[in-house]
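I opened this structure today and kept notes on what I looked up. The entries follow in the order I made them.

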Amino acid sequence: MKINKEPEAMQKEAKAVRRKVNLINDAGVMRIAPIGFSWTMLFFGPYVPLFRGDLKWTILHLLTFLLTLPLLGVGWLILPFIYNIEYTADLLERGYKPADEESRVALVNKGIIADMNLKE
């Protein structure tokens, strides 16, 4: 009797760590959005959202840093854990969609979007 291990291999592949996802909007504009910890945000702070055109997070980063300055600026260390996920969620709210199946699976695994292809 032959045991099919293909589904197990596919599950491992689906759970593989994916650090960036491809997003596309209706006009065909493609964006590569990072998910997970933001090393660039840790080292360069508010310049990251500023260069991405994300004024809301630029201001939020500066305010968080100023408010936590008495605590040695601990806000600078907290925001890199959440920024990329929030940035990707903002892109999805603006009409971007996963451009490929791997990106969709990565977004579902991170809990950024719900899995709409539920199989029973």
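Which residue in β2 is the bridge partner of V21? I looked it up and found A33. I note that I am working from a predicted model.

Next I looked at the strands around that bridge. Strand β1 covers residues 20-24 and pairs with β2 in the antiparallel sense, over five bridges. I then listed the whole sheet: it is open, has three strands in the order β2-β1-β3, and its pairing is antiparallel. At the edges I found β2 and β3 (97-98). Each of these has a single partner strand, so one side of each has no neighbour in the sheet.

My last entry is on S38. I located S38 in the loop that runs between β2 (30-34) and α2 (39-44). Is S38 buried or exposed? The relative accessible area of S38 is 1%, and buried means under 20%, so S38 is buried. I looked for what its side chain reaches and found the backbone nitrogen of M41, at 3.0 Å. Leaving aside residues up to four places away in sequence, I recorded that S38 touches P80, Y83 and N84.

Definitions and conventions: Residues numbered from 1 in each chain as written. Predicted model: local features only at pLDDT ≥ 70, side-chain atom pairs only at ≥ 80, totals over all residues. Heavy atoms only, no water. Helix = DSSP H or I, 4+ residues; strand = E, 2+ residues; numbered from the N terminus. Buried < 20%, exposed > 50% of the residue type's maximum accessible area, 1.4 Å probe, protein only. Polar contact = N/O pair within 3.5 Å; in protein donor to acceptor, adjacent residues only side chain to side chain. Contact = heavy atoms within 4.5 Å. Pairing = 2+ DSSP bridges.
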